[in-house]
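Let's take a walk through this structure together, one piece at a time. Have the sequence and the 3D view open as you read.

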Amino acid sequence: MAILTAKNLAVGYEKQPVLKDINFKIESGDYFCIVGENGSGKTTLMKTILGLLPPVEGSIEVGQGLMKNQIGYLPQQSDVQRDFPATVYEIVLSGCQNSLKGFFYSKAQKKMALENIERMGISHLKNKCYRQLSGGQQQRVLLARALCATTKVLLLDEPVAGLDPNVTKEMYELIGQLNSQGLTVIMISHDLENVKKYATAIFDVNKLDVIKTSDEIQSSKEVGAC
Amino acid sequence: MLEKLTLYMTFPYVRYALIVGTLIALCSSLLGVILVLKRFSYIGDGLSHVAFGALAIATVLNFTNRMIIILPITILTAILILKNGNNSKVKGDAVIAMLSVGALAFGYLLMNLFPASGNVSGDVCSTLFGSTSLLTLTSSEVWVSGILSILVVVAFIFLYNRIFAVTFDEDFARAVGTKVSVYNLLIATITAVIIVLAMNLVGSLLISALIIFPALSAMSILKSFKAVTIFSAIISVTCALIGFLVSILQGTPVGSTIVAVDAIMFIICYIVGKIKG
C-alpha cells in the first residue's frame, strides 16, 4: 500500500473547490513534486494533505503505519518568524513537539535536535538568533526542525523561494540527499526545470496528471533511438 | 526618605498593593512576549476597554464583587477576538478597534446615566488611570489576584514549550498534531484574566503598556526566546517596584509612574540594542 493516496480529492476553502479530481499515490521513498503556477491551488492541496484544511470531497489516506502527525513540514516563512527572537536550537527542538510527553523535552529529544542541526550542517549557528541568519540558513533550520518531527515523510512548500541560485542548488542537493537516505519527499514548486532532475514523480495541478520521471526519461530515450 | 518608606510599609494596604503589583507585572510581562510576537499587541488595549465597560455595568448593577461580571465578559471577548483571527469579514484589528471604542463609550455613558457616586469624572478617571484603586484593595481581592497570578505563572512554566511552538509557527504546530486552538483559547483566557487584574494596578488605559513595554525592551537586546521571556519578567518586576517607590515618595499616581518607568527602560534597552547591533 502506498504511503499516501489521494482519491477523487477536491481541495478548497469553505466548500468551494479550488482543485478537484485529484488522484495520486505516493510510494515510500518517492521524491514527489507538485508543480503548477502561482495561485493554482498548490498550497491549498498541501494544507489538505497536512490536515490543516478538510478535503472538500474525496479522501486522503495514509498507509504503512504513518500517522498524520508524523509528516515533517517545511512551511513558507511568515512575517511572524522573520523577526522572532529565538535561537536555532530552540526552533529545531520545537520540531519534537509531536513526541512531547508531559511538559518538558526529554534528553533523547534534545539529542535528536542536536543531531538534526548537525545533519543540516549548521552546528556553528546553534546559538545564533534565527532572525540574523540568511535565507538559506533559515531554511536549513526549518528543515532540521521538520526532521525532528518525522523519520518518514517530509513535505516542503516552495523550499527555495527567495533564495539565490547557488543556495537554491545547495538546498536541492540537501533535499536530494535526505531522499536518498530513505525519506519520502513531497515538494511543492513552480520551478519545473530544477525539480525534474531530482523528482521520481511530478504531479501537475493544471493537468491533474502524474508523470513518472523515470518513464519519461525512458520514453525520450526510445524516441532518440528511432 | 527611608523613614518615609518604612512608615508606608507599616500600612497593610501598601504592602498588599506592592505584592499584587509585583505579581501582576510579572504575569503581564510573560504574556506580553507571546502577544507581541503573535502580532496581538493591541488586544490588551481593546480588552481593557471592554473590561472598563463591564466594570461600568457592574457598578451600575451595584455588585459587591465586581469581578463576577468583569471577568467572564472580558474572557468571552478575548476568546471571540482571538478566534476570529484572520478569517472573518471584519478583520481582527478592526474588531479590536470597534470593541475598544464601543465599550469605552458605553461604559462612560452608563456611569453618567446611573452615577454611583457624586464624583463621576473622578470615578472614571481612577478606573482609566488606576490612580488610587490599588491602595483600596481588600485582603480578599489581594488573595484572588495573588492566586490568579500564581496560576498564570505556573501555567506559563509548564506549557512553555508548547506556547513557544504555537507562537513561532501555528501551521507547523497544527500539522504535527498540536492542539493549537486549545492553546490559543488558553492564551486568550489568560490575557483576559491578566487585564482584569492589571486594571487595579495601572487602570484600564495603561494596561497595554504593562504588557508590551517589558517584552519589547527584552526583544531589542536579547536573542533567544528563553532569555527574552526571563529578562522581560525581570524588567517588568523591577520597573513596577521602582515606579511604586517613586510614586510613594513623590506622591505621583501609581499606574502612570510605573508605565513611565517602563517606557524609560524601553528607551534604554533600545539604545543598548542598537549599539550592540
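## A guided look at chains A and B

Leu216(B) is buried, because 21 other C-beta atoms lie within 10 Å of its own, and 20 or more is what it takes to be called buried. Keep in mind as you look around that this is a predicted model. You'll find Leu216(B) in helix H11 of chain B, which covers residues 207-221. Which residues does Leu216(B) touch, if we skip those up to four places away in sequence? They are Val36(B) and Phe266(B).

An unreviewed UniProt entry lists "transmembrane region" for residues 13-37, 67-82, 94-114, 142-160, 181-199, 205-222, 229-248 and 254-273 of chain B. What does the model show for two of those spans? Residues 205-222 of chain B are 83% helix and 0% strand, with end C-alpha atoms 28 Å apart. Residues 254-273 of chain B are 100% helix and 0% strand, and their end C-alpha atoms also lie 28 Å apart.

Now for the place where the chains meet.

Over to chain A, where sheets come into the picture. Strands of a sheet pair through backbone hydrogen bonds, and they can do so either parallel or antiparallel. One open sheet of chain A has six strands, in the order E5-E6-E7-E3-E8-E9, with mixed pairing. Its edge strands are E5 and strand E9 (209-212) of chain A, each of which pairs on one side only. On average, neighbouring strands of this sheet are turned by 20° against each other, ignoring direction.

Let's follow some of the pairings in that sheet. E5(A) and E6(A) run parallel and are joined by four bridges; here Leu74(A) stands opposite Leu156(A) of E6(A). E6(A) also pairs with strand E7 (residues 184-189) of chain A, again in the parallel sense, over five bridges. In that pairing, Val153(A) has Thr184(A) in E7(A) as its bridge partner. Elsewhere, strand E8 (residues 201-204) of chain A and E9(A) run antiparallel, joined by four bridges, and Phe203(A) is partnered by Val210(A) in E9(A).

Is E6(A) enclosed or open? Five of the five residues of E6(A) are buried, so the strand is largely enclosed by the rest of the structure. In a regular strand, side chains alternate between the two faces of the sheet. For E6(A), both faces are covered: Val153(A), Leu155(A) and Asp157(A) are buried on one side, and Leu154(A) and Leu156(A) are buried on the other.

H6(A) lies across strand E3 (31-35), E6 and E7 of chain A, at about 150° to E7(A). H5(A) lies across E5 and E6 of chain A and runs at about 165° to E5(A). Helix H5 (residues 135-149) of chain A has 15 residues, which at 1.5 Å a residue should span 21 Å; its end C-alpha atoms are 22 Å apart, so the two agree. H5(A) is mostly covered, with twelve of its 15 residues buried, among them Val141(A), Leu142(A), Leu143(A) and Cys148(A). The cover over those buried residues includes strand E5 (71-74), helix H3 (88-93), helix H4 (107-119), strand E6 (153-157) and helix H6 (165-180) of chain A.

One more sheet of chain A is left to visit. Three strands make up this open sheet, in the order E2-E1-E4, and their pairing is antiparallel. Strand E2 (16-26) and strand E4 (57-62) of chain A are the edge strands, each pairing on one side only. Neighbouring strands here are turned by 30° against each other on average, direction ignored.

Conventions:
Residues numbered from 1 in each chain as written. Chains lettered and ligands numbered in written order. Predicted model: local features only at pLDDT ≥ 70, side-chain atom pairs only at ≥ 80, totals over all residues. Pairing = 2+ DSSP bridges. Helix = DSSP H or I, 4+ residues; strand = E, 2+ residues; numbered from the N terminus. Axes fitted to C-alpha atoms, helices over the stretch in contact; angles between N-to-C directions. UniProt positions renumbered as here; feature names shortened; annotations may be inferred. Expected span 1.5 Å × (residues − 1). Contact = placed C-beta atoms within 7 Å.
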